[in-house]
Amino acid sequence: MKKTVILSGAAGLGLNTLAYFFETTLKQKGYHLLSYKNYMSRIRGGFNFTTVTFSDEPVNMIEEKADVLIALDQNAYGILDHLKPDATILTYERFKQGHSNEMVIDSVLPQGAAIDKKSFPMMALGALFKIFGIDESSIDRVEMKKWGESTNQNNKNAVRIGYTNTTNKYTLESYKDERTMRLNGNQAVALGAMSAGLRFFSAYPMAPSTGIMMTLSKFEEKNKMIVEQVEDEIAGIIAALGASSNGVRSMTATSGGGFSLMVEGLGFAGVAELPIVIANVQRPGPATGLPTRTEQGDLEFISRASQGEFPRIILAPTTIEACFYESQRAFNLADKYQLPVVILTDQFLADSNATIPKVNPFKVGVQRHINTDIEGYKRYDFDKVLNGRKFPGLDDTLIMNDSHVHDEHGHMTEDIEATIKLKHRLMSKLDLMVDDLHEPTYIGDTDAKEVFIGWGSTVPALIDTVKSLNDQGKKVGALLFTDVFPVPQKTLIKMKAEEKTLINVEQNYNNQFGKLILAETGVKFDKSINKYDGRPLTAEYIIREYEVIHHDK
């Protein structure tokens, strides 16, 4: 059983509240869900919609076509191509357009019913309950503490009216009682960072990354950390580096344009070997681009950004659950190798809600890699690259950090021998970190002749793609990457030696990861599937493009 609902209407009408109650009810019933907000970059107004796909099995990706459309705005009739052939349109008397599958929610309002227009989304919620056969007792749980008693009661009345005036269409199958939690990607990154021991966060708001700061700020006092909104992204990274230089686990977050401003600070972290975690939540560019849409357009830039040469690590979580655990892992890697680690997500992950298994804050563990040597400690020991870090306050050792080329103690120098040794110290980390990088996960037919390559948020769509094609008897598989830079090489080279046809799948125009793989490993992809319209990648899209590839052979 898998069903999809689109909740649509004008911004500010109450769509988020409608989605909250519908998703909360589904979660309480034990269903798995994934929802994605399709909204415009406007302060107020415009037409928005949220797609909710739910099932009694884990949901990897939203479906392109919906079973039910809630039309709280006439503009909703402009997205009828998002519906399945037998889909139901739920709307109001004044919006209906005569489609044969329309259900009108408010056609028979009880005489004297005190229904405010603001309660119309609640009527739609009741209609949804009825269509999917959700028991009427769920209406009693439609309330919020922040609302007064009269508001809660009015909303329940509205839900009941929608429930009464709608016809049941589906009977949901029995659900599984599993312990899950509902998070979006930004919340998962923030919670993962806190469980890793984050104590200082500084950033400037920028969609779609802002949710990370908003989540952290809610826990600032309880978690005894500092969450600082600064004047711009330059200050964001520099302040975080200041905290890091004093031994505090530190982080900043931004999106592509903000990362551009952080680049000088990134280089500072590189040469001073200051551990820092940077969350970059991608959105389409260049410049302002599509601020509230999604793309994988920053990988190439982030892997090379800054003046000079120094190593960095880029982790691209594939799911909302992975956002939590990869954030924990990012801090450990930053401390071990004393360098910047970028968590590369995107708007799709940031703004999607999903039910996930309850996270375990102790699964990854906190590894600080602190050096407690009393005698002979050298901050930048040229002979011991991974000897841990000492910072001010641990003992009386003088700790020096500098953005210049420096000697083993951190004193600025232009000495030739020291310059070369420092370069060797920095770049040798690339070889040392190989064992800590995760090879990609392989899924699909073990005898596959064609293998998709994907990374980050495209992975769930690829999982559905491979399952669907395997079910059709097609021998395909997929290599799914979370660690994207430096590129893990062993599996790729083995795959190429087996003469598989590699199909690169990315949400950008230039095949940024495919070209990075070619540059780092010499492995060249054979075909590519790309999407760059700002909308999320789906299994349906990949399969259509896959069939085009075969048709063109």
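1. Let's start with a pair of strands: strand 16 (residues 450-455) and strand 19 (residues 501-506) run parallel and are joined by four bridges. Strands here are DSSP runs of E with at least two residues, and helices are runs of H or I with at least four residues, both numbered from the N terminus. Across this pair, F452 stands opposite I503 in strand 19.

2. Before going on, remember that this is a predicted model: local features need pLDDT of at least 70, side-chain atom pairs count only at pLDDT 80 or more, and totals for chains, interfaces and linings use all residues. Residues are numbered from 1 along each chain as its sequence is written, and side-chain values use heavy atoms, with hydrogens and water left out.

3. Zoom out, and you find an open sheet of five strands in the order 15-17-16-19-20, with mixed pairing. (Two strands pair if DSSP finds at least two bridges between them.) Strand 15 (441-444) and strand 20 (527-530) are the edge strands, each pairing on one side only.

4. Which strands does helix 12 (residues 459-471) lie across? They are strand 15, strand 16, strand 17 (476-481) and strand 19, and the helix runs at about 165° to strand 17. Angles go from 0 to 180 degrees between N-to-C directions, with axes being lines fitted to C-alpha atoms, for helices over the stretch in contact. Contact means heavy atoms within 4.5 Å. Helix 14 (residues 512-521) lies across strand 16, strand 17 and strand 19, at about 135° to strand 19.

5. Now for the other sheet: eight strands form an open one in the order 6-5-4-1-3-2-14-7, again with mixed pairing. Strand 6 (102-104) and strand 7 (180-184) are at the edges with a single partner strand each, so one side of each has no neighbour in the sheet. Inside, strand 2 (residues 32-38) and strand 14 (residues 352-357) pair in the antiparallel sense over three bridges, and L34 stands opposite A354 in strand 14.

6. Helix 9 lies across strand 7 and strand 14, at about 75° to strand 14. The axes of helix 9 and helix 4 (residues 185-195) come within 7 Å and cross at roughly 35°.

7. Finally, the largest nonpolar core has 65 residues, and F201, I212, L216, M251, F452 and I529 touch the most other members. Helix 9 (residues 320-337) gives the most to this core, with nine residues. Such a core is a set of buried (under 20% relative accessible area, 1.4 Å probe, protein chains only) Ala, Val, Leu, Ile, Met, Phe, Trp, Tyr and Cys residues joined through side-chain atoms within 4.5 Å.

Methods: Buried < 20%, exposed > 50% of the residue type's maximum accessible area, 1.4 Å probe, protein only.
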